[in-house]
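Welcome! Take a look at the model shown here, and then let us walk through it together.

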Amino acid sequence: MGKTIATRMAFGHELLEIAKTNENFVVCNADTKTCGLEKFGIHFPEREFSFGIAEQNLVGGAAGLAACGNKVFLATFAVFASMRACEQVRTFICYPNLNVTIIGTHAGLQVGGDGATHAAIEDVSIMRSFPNMTIVQPADAIAAKALAHAAVDFTGPLYVRLHRNPVADLYDPQTYRFEWGEANLVVNHGSDMTIIVSGILLKKAVDAAALLKEQGIGVRVLDMATIKPLDKEAVIRAAKETGAIMTIEDHTILGGLGAAVAEVVVENCPVPMQRIGIQDRFAESGDPELLYRDNHMDVDSIVEKAKALIVRKKKRAGGI
Amino acid sequence: MVSSNYFTERDVERLEAQALQIREDILSMIHAAKSGHPGGSLSAVEMVTALYFHVMRIDPQNPDWEDRDRFILSKGHSCPVLYAALARRGYFSPDLLHTLRQYHSILQGHPDMKKTPGVDMTAGSLGNGLSIGVGMQLSAKLHHQNYMTYVMLGDGEIQEGMVWEAAMAAGHHELKNLVAIVDCNGVQINGWVNEIMTIEPVADKWRAFGWRVIEVNGHNMKDVLTALHTAKTMRHPTAILMRTVKGKGVSFMEDDCSWHGSAPDDEQLVKAIAEIKEGGVV
């Protein structure tokens with residue numbers, strides 16, 4: 001097991017490092033403990049702007065800075081970025097296509113004890129519906145660090161979705177390369193089905209694939225770090241080559257990664273699908289692993305659902 | 001301190017004549033579009049004219065000039081006044097004014113910074129512009145630029161809570177080159193502002209947030225010019241509360257909320273323009 005750093009902290013700390021040699025971006029903070037960037041002003045007082053507990057003004061102010069040619073990072077909880085300041089993101093960042101990176105932290109059920117009010121489970125659906133928006137979600141700290149570099153060089157509205165708690169590193173820092181809009185084939189145990197996953201649940205997908213392999217089911221796992229624009233070619237290839245697709249996301253199944261994949265699949269190459277995620281219900285307080293299990297997002301549930309998907313795939317093949 | 005030679009009598013005459021032209025443009029373009037917002041456009045004419053034809057450091061040949069003064073029409077539905085001023089100032093041809101709200105026009109129903117030369121910020125959803133202005137002035141501080149940012153809000157608009165988030169931030173960050181101009185015409189879409197949701201005591205509210213307040217007759221060009229010049233000299237963010245008349249210059253539109261968002265027909269247009277030409281402004 002590797003180091004355990006939360007994706008939010010890895011991203012924020014790397015941005016602080018980058019700032020030492022790259023003067024071309026500023027940071028806007030609301031008063032939250034998001035990703036370590038609340039300390040940005042200690043190191044770079046001129047380049048940090050405090051907006052207090054006022055997320056709409058945070059986003060509006062960031063838009064004003066960006067309209068004057070600045071590259072802006074703003075950080076707050078994903079619930080507030082996507083909902084409290086939803087319209088500001090839409091109308092004043094996405095519509096004028098401004099160069100603002102929105103760092104949304106504390107995503108999904110992994111937020112744990114804070115419960116439903118603070119667990120962003122619908123932010124991807126919301127952000128995905130805005131033209132000009134790009135959405136990315138790293139799977140571990142290695143990916144988050146790489147993404148920090150990519151985000152600094154990115155131009156346009158960008159939503160970076162980050163998780164609260166430490167997760168084990170899956171990727172090798174020596175070999176990992178982040179590529180915009182490209183799915184990353186992490187596991188290739190065969191062609192029985194493909195699991196498409198985004199964010200920290202990659203670990204569960206990889207573990208489930210290993211268990212399925214033991215049971216004679218060959219699974220591919222694609223890490224879809226860029227949720228929008230979606231790597232459609234990878235999705236279509238997965239559908240054609242493996243004939244069944246499962247999606248896994250720490251998010252409601254309505255409108256997020258699973259929906260995005262399903263849209264591509266039904267329009268291009270319909271195959272049996274299974275979406276793993278939150279089933280149209282709110283989060284609650286508790287240990288994240290218990291919450292995942294309660295929502296059938298734990299490894300055992302993934303394995304069971306995968307086997308059921310294989311049955312559907314075979315029935316369909318037999319029926320046609 | 002107000003400089004005595006900041007403007008001359010000739011400037012005032014020139015600007016008043018320009019304001020007449022802009023009033024006529026507003027009515028013509030809304031008539032052509034068959035929709036739009038004449039009331040709040042007409043109440044803002046003197047201020048927008050003073051800004052674009054005398055006060056702001058701008059270059060119509062170089063709309064993206066980094067050191068230019070900025071103007072954000074937070075009450076974006078009043079964009080006919082802005083479009084007319086931009087066209088007459090030379091940002092684009094006045095011939096385009098009649099394309100307001102039409103398919104593929106550069107003149108959208110609410111300001112779009114990507115489509116219209118000279119529009120510094122997209123606007124239209126009320127309550128947002130002052131936050132953008134805060135961001136623009138934070139940028140000015142960061143890059144040691146001394147441009148001004150003027151944000152025009154409606155008096156009904158300041159019912160939006162986000163305005164006060166921005167007001168608080170401007171005071172906190174001591175944004176002395178940020179000027180909020182509140183078009184206090186007293187009327188919003190369904191009636192009188194102070195019957196729907198009172199904003200009084202409006203001057204005290206701004207002062208409480210760390211702003212200096214200037215109250216002015218928004219239809220008196222000399223007063224408007226003096227207020228704008230005074231605002232430039234302030235060491236704090238400044239709110240200009242301009243008392244205006246919604247629909248100013250057209251008898252049947254004045255103080256009538258039904259003209260917040262409706263277009264004159266052919267007959268009404270002729271009458272309105274005749275009144276404007278006869279009466280000028282007080």
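## Before we start

This is a predicted model, in which local features need pLDDT of at least 70, side-chain atom pairs count only at pLDDT 80 or more, and totals for chains, interfaces and linings use all residues. Residues are numbered from 1 along each chain as its sequence is written, while chains are lettered from A and ligands numbered from 1 in the order in which they are written.

Helices (H or I, at least four residues) and strands (E, at least two) are DSSP runs, numbered from the N terminus. Two strands pair if DSSP finds at least two bridges between them.

## The sheet of chain B

In chain B, five strands make an open sheet in the order β1-β2-β3-β7-β6, and their pairing is parallel. Strands β1 (70–73) and β6 (212–217) of chain B are at the edges with a single partner strand each, so one side of each has no neighbour in the sheet. On average, neighbouring strands of this sheet are turned by 20° against each other, direction ignored; axes are lines fitted to C-alpha atoms, for helices over the stretch in contact, and angles run from 0 to 180 degrees between N-to-C directions.

Strand β3 (residues 178–184) of chain B is joined to the parallel strand β7 (residues 238–243) of chain B by six bridges. Look for I181(B), whose bridge partner in β7(B) is I240(B). Helix α5 (residues 129–142) of chain B packs on this sheet and touches β1, β2 (149–154) and β3 of chain B. Contact here goes by C-beta atoms, placed from the backbone, that lie within 7 Å. The direction of α5(B) makes about 170° with that of β2(B).

## Two helices side by side

How far apart are the axes of α5(B) and α6(B)? They are 8 Å apart, and the helices pack at an angle of about 25°. The two helices are therefore roughly parallel to each other (angles under 35 degrees count as roughly parallel).

In α5(B), L130(B), S131(B) and V134(B) meet several residues of α6(B), including M162(B), V163(B) and E165(B). By class, this contact has eight nonpolar, one polar and one charged residues. Ala, Val, Leu, Ile, Met, Phe, Trp, Tyr, Cys and Pro count as nonpolar, Asp, Glu, Lys and Arg as charged, and the others, Gly among them, as polar.

## Where the chains meet

Between the chains, 19 residues of chain B are in contact with 23 residues of chain A. Both α5 and α6 (161–172) of chain B supply at least two residues each to the side of chain B that touches chain A. The largest share of that side, nine residues, comes from α5(B). Its residues divide into 10 nonpolar, seven polar and two charged.

## The sheet of chain A

Chain A has an open sheet of five strands in the order β9-β11-β10-β13-β14, with mixed pairing. At its edges stand β9 (184–188) and β14 of chain A, each with a single partner strand, so one side of each is left without a neighbour in the sheet.

Is strand β13 (residues 245–252) of chain A buried or exposed? Eight of its eight residues are buried, so β13(A) is largely enclosed by the rest of the structure (a residue is buried if 20 or more other C-beta atoms, placed from the backbone, lie within 10 Å of its own). Strand β10 (residues 193–197) of chain A pairs with β13(A) in the parallel sense over four bridges, and β13(A) pairs with β14 (residues 273–278) of chain A, also parallel, over five bridges. M246(A) is the bridge partner of I195(A), and Q274(A) in β14(A) is the bridge partner of M246(A).

Terms used: Contact = placed C-beta atoms within 7 Å. Parallel < 35°, antiparallel > 145°, perpendicular 65-115°, else oblique. Buried ≥ 20, exposed ≤ 12 C-beta atoms within 10 Å, placed from the backbone.
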